[in-house]
Amino acid sequence: MRGKLIVFEGVEGCGKTTQLKRSQQWFIDSGWQSLLQAKGYVSQLITTREPGGTDLGVKVRQLLLEQSIAEAMQSRAELLLYAADRAQHVDGYLTPQLHQSTLILCDRYTDSTIAYQGYGRGIDLKLISQLNDIATGGLESDLTLWLDLDAETGLARTRQRGTLDRIEQADVSFHHRVQQGFTELAQRYPQRITHIDASPPETEVAEQIQAVLSQKFSEWYGVERIKDKG
Ligand code: Z5A
């Protein structure tokens, strides 16, 4: 059976990375992993991210996020670098893994490009859509979890970590536009994008995500919901 691509999206500091790791552990602890493996539906669960999910992508990520480039990165150059990272990721990693029945948890994907380069930088949304199609070859997520958090709270969380990368340093109105982008995407694609309230404590956010994942596993694999242990 083909694998599934589950994407975590949202503004900086919304807790994607934290929740992606918690979901990975919960998949094992809850018993879903052993159940789906025993039935032959899923071979393994892996985590990855954009930008930076491949060796080439790690280098592209450095270019995109480092603050030390003397000249300002132009918006279209930035857009094309994200697209290059994605094309490598899809063809070199995601698609082969999906053919091996892998369940993939991915930190950011195409909606980030629409939200950041489209709504944030103001690049034409049609152009971004065309470029996303080229970079993905049509591969869409099976489920996108949008961790909805207001931009200020997210930025305050990341600032506590210390140094800010090139994008985190952008002014707050940029981050508001990005948040607006995610909001509109969720309204436009309710079948694919599920809203998660990312403002409560980590454990409460995790519970919302686990409920959605349990429901999706039942739907995708036709197995009865099991009682979560984790
Ligand atoms: N980008 C783009 O522009 N276009 C694209 O197409 C793509 C990406 C794919 C890097 O992404 C940048 O790439 C990003 C968008 C751009 N812009 N920036 N900067 P990234 O995903 O690698 O980096 P990020 O968005 O900055 O992620 P992050 O800062 O690591 O945030 P996060 O993953 O959402 O949050 P976290 O690391 O899980 O948590 C942040 C902190 O909050 C941490 O101290 C946690 O302990 C804390 N936290 C987490 N959950 C909670 C709750 N519930 N309450 C309180 N505190 C919490």
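## Strands in the middle

Two strands count as paired when DSSP finds at least two bridges between them. With that in hand, look at strand β1 (residues 4-9) in this predicted model. β1 and β3 run parallel and share five bridges; in that pairing, Lys-4 has Leu-103 of β3 as its bridge partner. β1 also pairs in the parallel sense with β4, this time over four bridges, and here Phe-8 sits opposite Leu-145.

Moving on to β4 (residues 143-148), five bridges tie this strand to β5 (residues 193-197), again in parallel. Leu-145 turns up here too, with Thr-194 as its bridge partner in β5.

## How covered are they?

β1 is mostly covered, with six of its six residues buried. In a regular strand, side chains alternate between the two faces of the sheet. In β1, Lys-4, Ile-6 and Phe-8 point one way, while Leu-5, Val-7 and Glu-9 point the other, and all of them are buried. As for β4, five of its six residues are buried, so the rest of the structure largely encloses this strand.

Nonpolar side chains tend to be buried together in soluble globular proteins. The largest nonpolar core in this model has 50 residues, and the members touching the most others are Ile-6, Leu-145, Leu-147 and Phe-217. Helix α9 (residues 202-221) supplies the largest share of this core, at seven residues. There is also a second, separate core of 10 residues, with Ile-46, Val-90, Cys-106 and Leu-139 among its members.

Which residues does Ile-6 touch, leaving aside its neighbours within four places in sequence? Its contacts are Leu-103, Ile-104, Leu-105, Cys-106, Leu-143, Leu-145, Leu-213, Phe-217 and Trp-220.

Is Asp-107 buried or exposed? This residue of strand β3 (residues 103-107) has 9% relative accessibility, and because the cut-off for buried is under 20%, Asp-107 counts as buried.

The side chain of Asp-107 makes a polar contact of 2.9 Å with the side chain of Thr-17. Not counting residues up to four places away in sequence, Asp-107 touches Phe-8, Lys-16, Thr-17, Leu-20, Thr-48, Arg-49 and Glu-50.

## Around the ligand

The ligand is surrounded by 29 residues, and the closest are Glu-12, Thr-17, Thr-18, Arg-108 and Arg-161. Thr-17, the polar partner of Asp-107, also has a polar side-chain atom 2.4 Å from an oxygen atom of the ligand. The side chain of Glu-12 places an N or O atom 2.5 Å from a ligand nitrogen. For Gln-117, an N or O atom of the side chain is 2.8 Å from a nitrogen atom of the ligand.

How much of the ligand's area does the protein bury? Taken alone, the ligand exposes 1,000 Å², and the protein buries 85% of that.

Definitions and conventions. Residues are numbered from 1 along each chain as its sequence is written. This is a predicted model: local features need pLDDT of at least 70, side-chain atom pairs count only at pLDDT 80 or more; totals for chains, interfaces and linings use all residues. Side-chain values use heavy atoms; hydrogens and water are left out. A nonpolar core is a set of buried Ala, Val, Leu, Ile, Met, Phe, Trp, Tyr and Cys residues joined through side-chain atoms within 4.5 Å. Buried means under 20% relative accessible area, exposed over 50%, partly exposed in between (1.4 Å probe, protein chains only). Helices (H or I, at least four residues) and strands (E, at least two) are DSSP runs, numbered from the N terminus. Contact means heavy atoms within 4.5 Å. A polar contact is a pair of N or O atoms within 3.5 Å; within protein, one must be able to donate a hydrogen and the other to accept it, and residues adjacent in sequence count only if both atoms are side-chain atoms. A residue is near a molecule or strand if one of its heavy atoms lies within 4 Å of it. Accessible areas come from the Shrake-Rupley method with a 1.4 Å probe; for residues, only the protein chains shown count as cover.
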